[in-house]
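Please keep the sequence and the model in view while reading.

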There are 2 protein chains.
Amino acid sequence: MMEKKGAVILLSGGLDSATAGAVARDQGFAIHALTFLYGQTHAVETRAAKEVARFLGAEKHLTLNLDLQKIGGSALLGTTPVPKGRDLKTISSEIPSTYVPARNTIFLSYALAWAEVLDVFDIFIGVNAVDYSGYPDCRPEYIAAFETMAHLATKMTVEGQRRLKIHVPLIQMTKGEIIRTGLSLGLDYGLTWSCYSPDPQGRPCRHCDSCILRAKGFEEAGVADPLLSSL
Amino acid sequence: MMEKKGAVILLSGGLDSATAGAVARDQGFAIHALTFLYGQTHAVETRAAKEVARFLGAEKHLTLNLDLQKIGGSALLGTTPVPKGRDLKTISSEIPSTYVPARNTIFLSYALAWAEVLDVFDIFIGVNAVDYSGYPDCRPEYIAAFETMAHLATKMTVEGQRRLKIHVPLIQMTKGEIIRTGLSLGLDYGLTWSCYSPDPQGRPCRHCDSCILRAKGFEEAGVADPLLSSL
């Protein structure tokens, strides 16, 4: 049996990264899942990442601690309250306080380091430029620039013939399309987690940007959210 | 009095980054020094970073823990022995086992995050493409690509008019020129540390690539290394 080609998948435990992982699996990649604990107020997400990694049959799942709280600057790090009850138009057009400075750049840098150690040339990230909550580091032009930089950054690309590829299978999809894609690949969204600000009982708040975008997605896909129906 | 413009300085405690910091200070920047503990076998370097930051009059000195050992892949992380007794030609032409995968990309990503929180647009890094030990992420084309990526990555560059600049004042200098530059700016090299592999008494080994390059630098500059004369 031929050995599968490996890929590093940035897996937060959220809906998007789980779908990106399902796409990678469907494309025949052996999955090396990478999750970060960075003091986010919604650390429950990383427990979901473990479940999703197992569901996807990951060869390895690495969880790294990042010292981002010392840098601060984001509602997701507990600096200011997570915004609640914003409408979809505002969510899609403004850079919110949940933006974590340079987060995807830091995440992709670690993915690049691990890819080099594993000798794999494919990284999957579930960024999305449609329902993307206004983060600058989710745009196609940012991803392209990271890829160009990565090509110059590492021993493997300097010495080898191959070019590192950042796969962004969801970048042009709506939330509804993302969910339909995952469902068609057999993904169990009941394992995923989106809420930035769970209630004291550990249930999704349903009012933060992330809950609102998730609800919109399931509505568009015309299916019930298995996470909510299991509560 | 006008407030000084701030800059983030990547400060390892080594000779190069200390010199880059001295150049930044000389150019009138208020210094925000950033040091990483990443399981390097030569953690004594980070104690030197504290001394250098104080010497440079840094406004703030942040030391972050990086979880790089789980990723592995470098002699500096204790995976394999640090090479000793290599000649200068080999040091300058090969990528050595002390290469840490994607290290400068990870370091610069954190610097970018902190710069955004501080609202500063200048980052100094002491990379060097002459006596550079063959690391791909010390080359000018890599730095330029990182700068382009950074411009697309953050809220401050998306919303603002300004462009982030990565300063590499040492990139075209020999080790001798670096040391002469630092001395002309009053830098005390006795505070800096270079050795990858100190002996049991905590003294520089004098045989690793970093010790050999440092010795070459002081020889070229025609001065004694104050670190060695203080032992």
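Which residues in α1(B) meet B:Ile178, B:Thr181 and B:Gly182 in α7(B)? They are B:Leu15, B:Asp16, B:Ala18, B:Thr19, B:Ala22 and B:Val23. The model is a predicted one.

**Helices α1 and α7 of chain B**

- The axes of α1(B) and α7(B) lie 9 Å apart, and the two helices pack at an angle of about 45°.
- That angle makes α1(B) oblique to α7(B).
- The crossing in which α1(B) passes α7(B) is left-handed.
- Sorted by class, the residues in the contact of α1(B) with α7(B) are 5 nonpolar, 3 polar and 1 charged.

**Helices α7 and α8 of chain B**

- Helix α7 of chain B, residues 175–184, packs against helix α8 of chain B, residues 209–221, at an angle of about 65°. Their axes are 7 Å apart.
- The two helices α7(B) and α8(B) are therefore roughly perpendicular to each other.
- In this pair the crossing of α7(B) past α8(B) is right-handed.
- On the side of α7(B), the contact is made by B:Lys175, B:Gly176, B:Ile178, B:Ile179 and B:Arg180.
- On the side of α8(B), the contributing residues are B:Leu213, B:Lys216, B:Gly217, B:Phe218, B:Glu220 and B:Ala221.
- The contact of α7(B) with α8(B) comprises 5 nonpolar, 2 polar and 4 charged residues.
- B:Ile178 of α7(B) takes part in the contact with α8(B) and also meets residues in α1(B).

**The sheet of chain B**

- Chain B has an open sheet of 5 strands with parallel pairing, in the order β3-β2-β1-β4-β5.
- At the edges stand β3 and β5 (165–167) of chain B, each of which pairs on one side only.
- From one strand to the next, the twist averages 25°.
- Strand β1 of chain B (residues 6–10) and strand β2 of chain B (residues 30–37) pair in the parallel sense over 5 bridges.
- B:Ala7 is placed opposite B:Ile31 in β2(B).
- Helix α1 of chain B (residues 15–26) packs on the sheet and touches β1, β2 and β4 (122–124) of chain B. The direction of α1(B) makes about 170° with that of β1(B).
- Helix α2 of chain B (residues 44–55) also packs on the sheet, where it touches β2 and β3 of chain B. The direction of α2(B) makes about 175° with that of β2(B).

**The sheet of chain A**

- Strands β1 (residues 6–10) and β4 (residues 122–124) of chain A pair in the parallel sense over 2 bridges.
- Opposite A:Val8 stands A:Ile123 in β4(A).

**The contact of chain A with chain B**

- Each chain is represented in the contact, with 35 residues from chain B and 35 residues from chain A.
- On the side of chain B that touches chain A, the elements that give two or more residues are β3 (60–65), α4 (103–118), α5 (140–153) and α6 (155–159) of chain B.
- Of these, α4(B) gives the most, with 9 residues.
- The residues on this side of chain B divide into 21 nonpolar, 7 polar and 7 charged.
- A rotation of 180° with 0.0 Å of shift along its axis superposes chain B on chain A, with an RMSD of 0.0 Å.
- This is the relation of a two-fold axis.
- The same surface serves both copies, since 100% of the contact residues of chain B recur in chain A.

**Helix α5 of both chains**

- The axes of helix α5 of chain A (residues 140–153) and α5(B) come within 8 Å and cross at roughly 160°.
- α5(A) and α5(B) are therefore roughly antiparallel to each other.
- The crossing in which α5(A) passes α5(B) is left-handed.
- Residues of α5(A) in this contact include A:Tyr142, A:Phe146 and A:Met149, while those of α5(B) include B:Tyr142, B:Phe146 and B:Met149.
- By class, 12 nonpolar, 2 polar and 2 charged residues form the contact of α5(A) with α5(B).

Terms used. Residues are numbered from 1 along each chain as its sequence is written. Chains are lettered from A and ligands numbered from 1 in the order in which they are written. This is a predicted model: local features need pLDDT of at least 70, side-chain atom pairs count only at pLDDT 80 or more; totals for chains, interfaces and linings use all residues. Two residues are in contact if their C-beta atoms, placed from the backbone, lie within 7 Å. Helices (H or I, at least four residues) and strands (E, at least two) are DSSP runs, numbered from the N terminus. Ala, Val, Leu, Ile, Met, Phe, Trp, Tyr, Cys and Pro count as nonpolar, Asp, Glu, Lys and Arg as charged, and the others, Gly among them, as polar. Axes are lines fitted to C-alpha atoms, for helices over the stretch in contact, and angles run from 0 to 180 degrees between N-to-C directions. Angles under 35 degrees count as roughly parallel, over 145 as roughly antiparallel, 65 to 115 as roughly perpendicular and the rest as oblique. A crossing is left-handed if the near helix is turned anticlockwise from the far one by less than a right angle, and right-handed if clockwise. Copies are superposed by least squares on the C-alpha atoms of residues with pLDDT of at least 70 in both. Two strands pair if DSSP finds at least two bridges between them.
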